[in-house]
Amino acid sequence: MITCVVHYIIDSTQIEAFERFAHEWMRLVAKHGGVHHGYFLPAEGASDRAEALFSFESLAAYERYRTRFGEDPEFIAADNIREESGCVLRYERTFMRPLLPNG
């Protein structure tokens with residue numbers, strides 16, 4: 001299993017748009033074989049940071065999912081939320097392998 005951790009710097013005045021963006025990506029990850037572990041939004045402290053974690057069975061499975069970017073109308077529509085609202089200022093992806101209890 002490979003888990004993608006996405007670190008976002010967001011526009012805190014666009015949190016509603018970011019939530020719409022997040023809901024669409026959670027749906028798309030699940031639809032295309034991944035497991036989304038959720039988005040984690042500001043509650044206290046820094047108001048401009050958010051995180052997302054989702055997993056695929058392998059890096060190859062993740063790459064198959066990524067081939068839809070820029071081509072699949074659902075992926076384009078989801079990304080347009082980010083683009084049109086400016087809710088994401090920057091993001092960085094890191095791939096990790098989980099060490100789970102009893103695993």
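Phe 21 is buried, at 4% relative accessibility; buried here means under 20% relative accessible area, with a 1.4 Å probe and protein chains only. Trp 25 is buried too, at 6%.

Before going on, the basis. This is a predicted model, in which local features need pLDDT of at least 70, side-chain atom pairs count only at pLDDT 80 or more, and totals for chains, interfaces and linings use all residues. Residues are numbered from 1 along each chain as its sequence is written, and side-chain values use heavy atoms, with hydrogens and water left out.

Back to the two rings. A search of the whole structure gives 19 aromatic pairs, where rings of Phe, Tyr and Trp (its six-membered ring) pair if their centres lie within 6.5 Å. Phe 21 and Trp 25 have ring centres 6.3 Å apart and planes at 65 degrees, so they pair edge-to-face; planes over 60 degrees apart count as edge-to-face, under 30 as stacked and the rest as tilted. About one helical turn separates Phe 21 from Trp 25, because they are four residues apart in helix α1, residues 15–31.

Now the overall fold. The protein has three helices and four strands, taken as DSSP runs numbered from the N terminus (helices H or I, at least four residues; strands E, at least two). From the N terminus on, the order is β-α-β-β-α-α-β.

Of the 103 residues, 34% count as buried. The C-alpha trace spans about 40 × 35 × 20 Å along its principal axes. Among contacts (heavy atoms within 4.5 Å) between residues at least 6 apart in sequence, 70% join residues at least 24 apart.

Technical notes:
Buried means under 20% relative accessible area, exposed over 50%, partly exposed in between (1.4 Å probe, protein chains only).
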